[in-house]
Amino acid sequence: MTVLLAVAIGALYACGIYLMLRRSLVKLLLGLVLISHAANLLIFTAGGLRRGAAPIVRAGEEALTRPHADPLPQALVLTAIVISFGVLAFALALFRRVHQSIGADDVDRMRSTDT
Amino acid sequence: MLGEVLTGFVAAAFAAPLARRLPRLAGPILALVPLGILAALTWRYAGSAAPPRTSVAWLPGLGIDLAFRLDGLAYLFALLICGIGAVILVYAGAYFAGDRRRGRMLATLLAFMASMLGVVLADHLVALFVFWELTSVTSYLLIGFDHEQEKSRKAALQALLVTGGGGLALLAGVVLLAQAAGTWDISALAGQAQTIRASPLQLPIIVLVLAGCFTKSAQVPFHFWLPNAMAAPTPVSAYLHSATMVKAGVYLAARLNPSLGGAAAWEWALIGFGALTAVTAAAMSLRQHELKRLLAYSTVASLGVLIMLVGLAAPEGGADAVTAAKAVVLFLLAHALYKATLFLVAGSLTRATGLKDARLLVGLRRAMPLTFVAGVLAGLSMVGVPALLGYLGKESAIAAAWERHAAGPAMLALVLAAPPLVVVGLRVGVAPFLGSRRAVVADGAGTAHEVPTGMWVGPVALAVIGLVLGLAPMLLNRVVSETAAAVHGAPVAARLALWHGFNAVVLLDVAIVLGGVALWLWRSSIDRWTRRLARLAAFGPERGYALALEGTLAFGRVQTRLLQSGYLRRYLLVVFLFAIAVVGAALVAAHRPGAIGAALGEIVHVHAEDVLLVVMMVVAAVAVVHSRSRVAAVIALGAVGLAVSLVFVLYSAPDLALTQVLIETLTVILFVLAMRQLPFFVDLSSRRTRVRDLVVAVLGGGLMTTLVLLASHVQLGDEVASAYFAAEAVPQGHGRNVVNVILVDFRALDTLGEITVLALAAIGVIALVRGRTGLEARR
Amino acid sequence: MSSIILRTGVRFVTPLMLLLAALLVLRGHNEPGGGFIGGLLAAAGLILQTLASGSGASRRLIRVAPLTLVSGGLLLAAFSGFLAMIGCGAFMTAIWVESLGLGTPLLFDLGVFMVVVGTTLTVIEGMAEGNA
Amino acid sequence: MNLLAVPILLPLVFASVMLATRWPRVQRLLSVAGALGLFLVNLAILWQVDRVGVATLQVGGWPAPAGITLVADRLSAVMLVMTGAMGLGIAVYSLGEIRRRKQRFGYHTLLHVLLMGVCGAFLTGDLFNLFVWYEVMLIASFVLLTLGGRRGQLEGAIKYVTINLVASAFFLAALGVLYGMTGTLNMADLAHAVDRIDRPELLTVLAMMFLVAFGLKAGVFPLFFWLPASYHTPPTAITAIFSALLTKVGVYSMIRMFTLVFVQNVGWTHGLLLAIAGLTMVSGVLGAAVQSDMRRILSFHIVSQIGYLLMGLGLAGPAVAALHVPGRTLNDRAAMAVAALGLGGTVFFMVHVILAKTALFLVCGVVERLRRSASLDRVGGLATTHPVLAGLFLVAALSLAGIPPLAGFWAKFMLVRAGLEGAAWVVTTAALGTGLLTLYSMTKIWAEAFWKPLPAGELQRRDRVMTRGTRLLMYGPTFAIVGAIVAIGLWPASLEAFATRTAAQLVDPSEYVAAVSNHAIFSRSDRERAAMPADSGTSGEAPR
């Protein structure tokens, strides 16, 4: 599965990068979401994959029985997912606001603040 | 001696309030400061046989002290700085009568004086550099004093950039010098001359140090800033450009002559640039008619002569070097005295008549008798009439060049440069006062009368000192021998006399004066002749300065337009390309044959549902890219998220899966809410752009895949942390869901930060939404 | 959107979801769940209510402004970490009352729950409001 | 008492209370009080760290590397103090500058959360926790940037947000792979773990990913686009605090990772750092030289100054690589001296540039307040009308240009000396040349805004009147910062000594690692005990 997931991660990155290079604000955001999916999967994969061994101690036991999935990457990914949700919500509000003030879904028209 | 230097800065702080309270007396009162400092220094100097030295630790960690040492060379310069400084302060006080900027002028002059004093007294390379830069900054403020004029601002900037650029070279130079010599103390450098010479850094040091000296002392090709700096008020020009700041370069060259002087590069750079400067500037002075510009070019020429003389005073040279060392001192002293006087006289003339053009000023001896006295004495001193100090200066310079080589470049340069300087002396110091008043063309001169006391007393005093020292040069014996010794790096005995007997030098001297007179008599035809040369100025170094500045700015503009284009996707493209380049290069370097193959070999252990999931994920991702309808794209995005959460389900992460599903739902809702009114996507980019972006995207994705594949096989295999979690979640965390225990206990700090992010996102959304409604309400 | 079917459906679904959310938070320390998941679920339920009955409906249901929920949750989470410092423990050291099976991490989780609910509601309501 | 959690907790509590408060007056009071408290606590931490040694706190009492470690070595501590000081200054200043309406929109809450994120980033010894603080900082800065919502702000924010999110994604991916390879996120633990990796070349790949992630945050060449595009758009107080802190966190993280973890292949990594440093200086200052708006000039200068900070880090490469091998002392005294000077110079420069930059932005804010514009075409004559302001500007500007005897000179002196002793001719030349161009663009502002008479078209527009209170609020912090610049310039010895001590701690991270290991289960015996579920919790070894 690692191999497959590695390919999937690469594909997600590629799609994300391609979308981010478009001129549309919406595509930019979609690209960002794809890239954050890719990053989450990357952490998950890099932490080691294991089937049917959720890191939940069985009732009455004192510790996880081996083998078990590494709980730490899961916690990290969970945190990362929630953070990117918060950031995404803000970004969406911002992008919509910009869209309303510019009237077009085109990043190329937002150049007034550079030199 | 720190006290003496600091006094000037402290006095500067009080200058402005003083000028407000006692406007008339501020100049004379503040003039007491340099005189007091001078008295204190003289007391120290006269009181000890060996040069007194004081040192205060400043930055002990880097070996930097505020060390000062008062030897002959330092004392001579201190004498000029304080003595002429006092005169200038009195003069400036009167010059700015009724001007509310008087306080600022006096304060800046005092700060400049103190900085200059610091330069010549410092016995630590860094301390010297600190004061050196301070002179640049204070002179920037002084040159740009009339800052409402664009000309002044430009001249100030030019001076600052040229001397500042040299200053940076000097900084590198002194650091390398200290590194090569193993000491920061200037007085200890001479003892390390051999070590320095053996160092591979010697040539860079010489180049860098001389870059500092030459820019500061306005040597060709850096000379142009000095004439332009004449935009400053007269007291400033008189002080900065005759006696002090421009001499700082000469001072430093002289100071380091014993330690760097043995090298041929040093010697020939000094002689060559000095000679070139002297001749060029002297020739250019012939073209000038404005009083201050005449003086400016002659100053540049004299600085050239001084630099050349330092070059002749090689530390291991013979008698000719000794003569040159003495000539440095005498010429320096004489030049400072007569040039400062002439500048002040020029300022008085302009103040009295409103005229700047030397051709229009005639017959003022009755109207301005005291200025006349000062002018004539100083002018004739510059011409080199015996019994004035200027004669001794010029005579000794000729002697030094003659002794070195009767037909050498130094001699040649002197012979060529001296006659035009005679002309300048006559035109500024003598000509305006002679002739009949009937010849006065302009009205201003008709009603001219003597300037106020404060403006004549100083010039007269300086001119008289020149006369006294010219008549009784033996007064200078001690200071000349000690100063020359410092320049030469070996003891020098000076026995000065009014008349050294009739010899070839005297003959040359006479010839030079006659040549000067001839130049003056035929000035109209020479003027016509040199006009043609003036066209060459278009190709001069000032043009180079302008080109360098404009070129840099043009390059900056192009670079900025290229980089900071405003197109976000270009920024992202550069970011991705840079990342791909550096990460890719490292990955290629890390590549081992077979590694990827081995990683790929694992593909046999794959479940069918895995394949299905991954295919779903990739197809959905491609659909997001490909879709023309926004809603479809968002739904496809949701499908990607769903596939991801299924991966979490399959691979033992129930919490993650739940979170992902919920978040994905909310994300889709958010997208739908945000994009309700938006139309379909349009293809905005050309085909070429899309292909290019596709290549970048595939490269980026491929890189990440490779990285994951390679990294998945490099594992230390002892996850201490995760083992700890597995073991301690129940006993100490009181929870069986290890992931949740990590989130709320083991690593609760992460979660704390995370909910802070959420809270701020909420605030941000509200601010954006409400802010808009507020805006619309106002409309 | 505010069809009768949806409104009636939501009347049953939302309380169910809130109940489930509460369960997930309470059991989250031992079974899958926890403040995040519970919070998201609760928020989803409340949003359904909003979609069905217009904005303000969920406000009436929970009776506090979402932003107050957010700042309250933050303070609660910070407070649960701060408790240990009173007893000279390190910041965020858990304190457990073993007999009840309660401890500051649960308080922390409750804070997380509040922030998540508050934020999600604020964001969604804000976006909906911006469209109106 | 262990204060390390306070710089995180205190702003959080103040922020949430301010969020819940309805009365603006109370918010303003709380904002200044909170910033003052933070500053004092951070000072106390610095005092303790410098006297006693590296301080650590295991959050929740869990041993490292399981729990999150907060560590303060001298570098962290000095960054904390600068954060506290600038936070306090800006909190006061913004009472005068920021419009009341924005203050109601949570401005003070956001400011404090920003400070919290920055403090957290400086304190944490855990890589993922660092990521979280980055996000906290980031979202706070997003909202601050868009507060008020003028079109320019929004356009700038699009670029700022997008590129920074890309940086976060890089960071996340890099730390994910690093965790996969080493099984730890604790930086001190990583310092050991990386030595045991059997394929160190892969670490260089990761180092490059971190370089991109942190480089984006720090605004280095060629990743700095978001900065000049957005920094000049929000109110000046916000730009000032951004310029003081945000990019510096990126630099701080680079220093941390490239002295502690990524020191296997310094020829590559630190060589690249040096090249980037030179290019960053030059391209930043060239950008600044051609601008004609005060705030744009200053924004480009932020980029340029980042180059100097990286220069010291790059120069220290050989020494940190040699000392990384445990138990070995460095024989190469020259490399050691270069590293001490370089990293010491970086620390000194950090303090200097934060002060100088903030002061310049604060002056710029006053100018904008007076003339409603920071464009050099529309201002002028301030030297005559506002000599005090002119003086404040001049000192800060000259310090930035490295003119002695101001703070900036000593910083530059140390770096240039390190460069020359390390025979890094190219980057040293770039550093010196950049100094000259910095001087040029500073005198440009000076000549245009202060010396030049007011443009004819602007004559009829009168200066806006500042009330006495506003003047006090805006000038007060500016005076204090400029005073610090002068004081450091005249008495540089103690800061230099501190910077050198800091450098020593960075070059040889054993003290840092040891301090964390005190509360850790790094060693094999501890690790085995941790793996055994039965008795490890009750043994006295772990700190709980």
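Predicted model: local features only at pLDDT ≥ 70, side-chain atom pairs only at ≥ 80, totals over all residues.
Between chain C and chain A the count of salt bridges is 0, while 1 residue pair is found in polar contact across the interface.

Let me turn now to chain B and chain D. Here the contact takes 100 residues from chain B and 113 residues from chain D, and the two chains bury about 9500 Å² between them, 77% of it on carbon and sulfur atoms. There is 1 salt bridge between chain B and chain D, in which the side chains of B:Arg747 and D:Asp126 meet at 2.6 Å, N to O, and there are 10 residue pairs in polar contact. On the chain B side, helix α33, residues 748–778, gives the largest share, 16 residues, and by class the side of chain B that touches chain D has 64 nonpolar, 21 polar and 15 charged residues.

A word of care about chain B: its average pLDDT is 88, and 95% of its residues score at least 70, but over residues 773–779 pLDDT stays under 50, and for that stretch the model has 2 contacts beyond four places in sequence.

As for chain D itself, it has 22 helices and 2 strands. Its radius of gyration is 23 Å, close to the 24 Å that the globule rule gives for 544 residues, so chain D is as compact as a globular protein of that length. Along the principal axes, the C-alpha atoms of chain D fill a box of roughly 80 × 55 × 40 Å.

Finally, a search of the whole structure finds 29 salt bridges over all chains. One that crosses between chains joins the side chains of A:Arg22 and B:Asp693, at 2.1 Å, N to O; A:Arg22 sits in the loop between α1 (2–20) and α2 (25–46) of chain A, and B:Asp693 lies in helix α30, residues 687–711, of chain B.

Terms used: Residues numbered from 1 in each chain as written. Chains lettered and ligands numbered in written order. Heavy atoms only, no water. pLDDT = per-residue confidence, 0-100. Contact = heavy atoms within 4.5 Å. Salt bridge = Lys/Arg side-chain N within 4 Å of Asp/Glu carboxyl O. Polar contact = N/O pair within 3.5 Å; in protein donor to acceptor, adjacent residues only side chain to side chain. Helix = DSSP H or I, 4+ residues; strand = E, 2+ residues; numbered from the N terminus. Rg over C-alpha atoms; globule rule 2.2 N^0.38 Å. Buried area = accessible area lost by both parts, 1.4 Å probe. Nonpolar A, V, L, I, M, F, W, Y, C, P; charged D, E, K, R; others polar.
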